[in-house]
Amino acid sequence: MNKLNSILSTFLLAMIMVSCGSDQTGKQSGALSGNAAERVYVAPGDHDEFYGFFSGGFSGQLSVYGLPSGRMLKVIPVFSQDAEKGYGYNEETKPMLNTSYGFVPWGDLHHLDISQTNGELDGRWIFTHENNTPRVARIDLTTFETVEILEIPNSAGNHSFAITENTEYLIAGTRFSVPSPQKDMSIEEMKGNFKGPLTFVKVDQESGGMEIAFQVIMPGFSFDLAHPGRNASHGWMFATTYNSEEANTLMEVNSSQNDKDFIAAINWKVIEEYVANGGGTRMTANYAHNVLDHDTHVATSTMKQGILTVNPSEIPGAVFFMPTPKSPHGCDVDPTGEYIVGSGKLAAELTVFSYSKMIKAIEEKNFDGEVYGMPILNYDAVLGGVVREPGLGPLHTEFDGKGNAYTTFFISSEVVKWSLSDYQVIDRKPTYYSVGHLMIPGGNSRKPFGKYLVAMNKITKDRYLPTGPEMNHSAQLYDISGDKMELLLDFPTIGEPHYAAAIPASIIKENSKKIFRLDENAHPHAVKREADTRVERKGNDVHVYMTMVRSHFSPDNIEGIKVGDNVYFHVTNLEQDFDVPHGFAMLGANTAELLVMPGGTKTMLWQPKREGVWPLYCTDFCSALHQEMQGYVRVSPANSNVALSWSLDGD
Ligand SMILES: [Cu+2]
């Protein structure tokens, strides 16, 4: 228990530092004594300079904020059903949440990144991933909609995630090592038998479409964070590992035994070539690939079989391990691609590796043993430098493009600015409280926009009005344009913001779609004018081809529906005006409403259970006579012979 005690006392010391080491409110900081309010104020009608995309963690969603104002602009559902938008409820998007385990209505969204071209943000897509049922997703930044979800088979707890600098690959690494392939076996036989697969997902450069290219079957460590090489180090990716002990119980103690775990350096170009030359082994796998069709806006889910796996110990030059102290978490690569920052969660120092030294050590075979047949690089040979006494519990690092790095410290609850040239600390500012990730717009690319930094805090405590036992997590915006950081703003986030990415609004706002063009609507059940609206019965299935326009449905009276029918409302919004969606709700439907964008079509399944006359209505306030936007459906007994009929104003 001594080991446990020493870990506990580290945290206890840290909590004391959090509670008395710094000003609790931040009110004496430059922030509130200066003109912070003016610097985050975006006047009514004006637009923010940046879009910020924040992970929603266990909400399974992603939220969009304007920066610097901190105004929430939108929630984009990704891995969870969202009643507000009908996502995962309507027939068009239900397939997006299909998996090899069936329909999974929830996910734990962790990291995200904006697509890149030549190492710079290109603003085309956001890619993100899910930790519980391993999946990756693509969000289209013209519509701000999730358009593709790909399940990652033969993996568990997809946590480490990186995008290469031309968005060639997404890399999704497993946090929980597991039998590979899965099988019934004793947990105690884990060591040496469980594996830690890293999955490389190829991204189509034109369409953004994702396909699993190959899976690297790494040792059974936990893969935590990952970042790609850039510039000279393009072609490599770097991922922290912990639990190199391969422990399976009381992990807080048993996976903290080794003084050093590793950052794995993976040369994916070497593996790509190996695979292109016929290397690798097919492994059985069963996984879902869900795609929202661009023209019909209908998602399909396809179950795919089999993946190509490679054993990295059989590929010379593919994988090297860099010893990294104290259970490393963050693994961040600077804009030049030369520095790889490893953050040991329990470390009192920051370890910075040098890419050029790493290459030299590989060439000189400066190895210190091996891990399952793969070389461990000599620590001193690859070390670029160490930041001394930066704080306690380093987690993540981002960069401002001016030679500075910014690292979050969970235990001492602060952001620390330090220089990449001499590893000296330049500035430190408290966070409120227990910061996890941080984000500088473009801070994970060749070209950061080093004006703001956002710290994402795990614990909010006294920062806002209390809201019962739980407070929303919190983001804090700092101005980093000067030598010293200045805290400007707190704003609450949705779920746990594991990470965020931001981009100048100018790169994407002109491409943001205003409407879906009705003449391009290829939905198989769309109707484009009221004259074509109708109701058709096929056995127990009834299809209602309905339109909506300010301020009525067509038809709005339907008779001849029977208890036990499956009624499909295919509802097309005829509007061709920006920002005029209509909603659709049906009393007794076991689903959410439909929210239908201008020019779009959505489908609700209603299974009426009782006789009667049941109302439907528009849920999204659309016009002065929105309240009148309603209709009725008559439901008769199952054996009734009331004829099927439909009308609008008697027609
Ligand atoms: Cu309406």
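How many cavities of 30 Å³ or more does the count give? It gives three. This is a predicted model, in which local features need pLDDT of at least 70 and side-chain atom pairs count only at pLDDT 80 or more, while totals for chains, interfaces and linings use all residues. Residues are numbered from 1 along each chain as its sequence is written, and side-chain values use heavy atoms, with hydrogens and water left out.

**Cavities and pockets**

Rolling a probe the size of a water molecule over the atoms shows where empty space is left. A cavity is a set of points on a 1 Å grid over the protein atoms alone where a 1.4 Å probe fits but cannot get out; a pocket is an open set with protein on both sides within 12 Å along at least five of seven lines. Lining residues have an atom within 4 Å of a point. A volume is the space filled by probe spheres set on the points, which are joined across faces, edges and corners.

| Space | Volume | Lining residues nearest the centre |
|---|---|---|
| Largest cavity | about 100 Å³ | H111, L225, H227, H437 and Y499 |
| Second largest cavity | about 70 Å³ | D113, G442, G443, N444 and A501 |
| Largest pocket | about 1,400 Å³ | K74, T143, F144, S512 and F578 |
| Second largest pocket | about 910 Å³ | R175, D224, Y242, H329 and K345 |

The largest cavity is lined by 14 residues. Strands β6 (109–117), β15 (222–228), β27 (394–399) and β31 (435–439) each give two or more of them. Helices (H or I, at least four residues) and strands (E, at least two) are DSSP runs, numbered from the N terminus. This lining has six nonpolar, five polar and three charged residues. Here Ala, Val, Leu, Ile, Met, Phe, Trp, Tyr, Cys and Pro count as nonpolar, Asp, Glu, Lys and Arg as charged, and the others, Gly among them, as polar.

The second largest cavity has 15 lining residues. Its largest share, three residues, comes from β35.

Is H110 buried or exposed? H110 is buried (under 20% relative accessible area; exposed is over 50%, partly exposed in between, with a 1.4 Å probe and protein chains only), at a value of 4%. H110 is found in strand β6. Its contacts (heavy atoms within 4.5 Å) beyond four places in sequence include H129, H159 and Y499.

E120 is found in strand β7 (residues 120–130). E120 is partly exposed, at 35% relative accessible area. E120 and S445 are 325 residues apart along the chain, yet their C-alpha atoms are separated by 5.6 Å. Leaving out residues up to four places away in sequence, E120 touches S115 and K447.

Which residues of helix α6 (residues 355–363) are buried? Y355, M358, A361 and I362 are. They lie on the same side of α6, because they cover an arc of only 120° around the axis. The arc is that of the directions from the helix axis to the C-beta atoms. An α-helix has 3.6 residues a turn, so residues three or four places apart point the same way. After α6 comes K365, with a positive phi near 50°.
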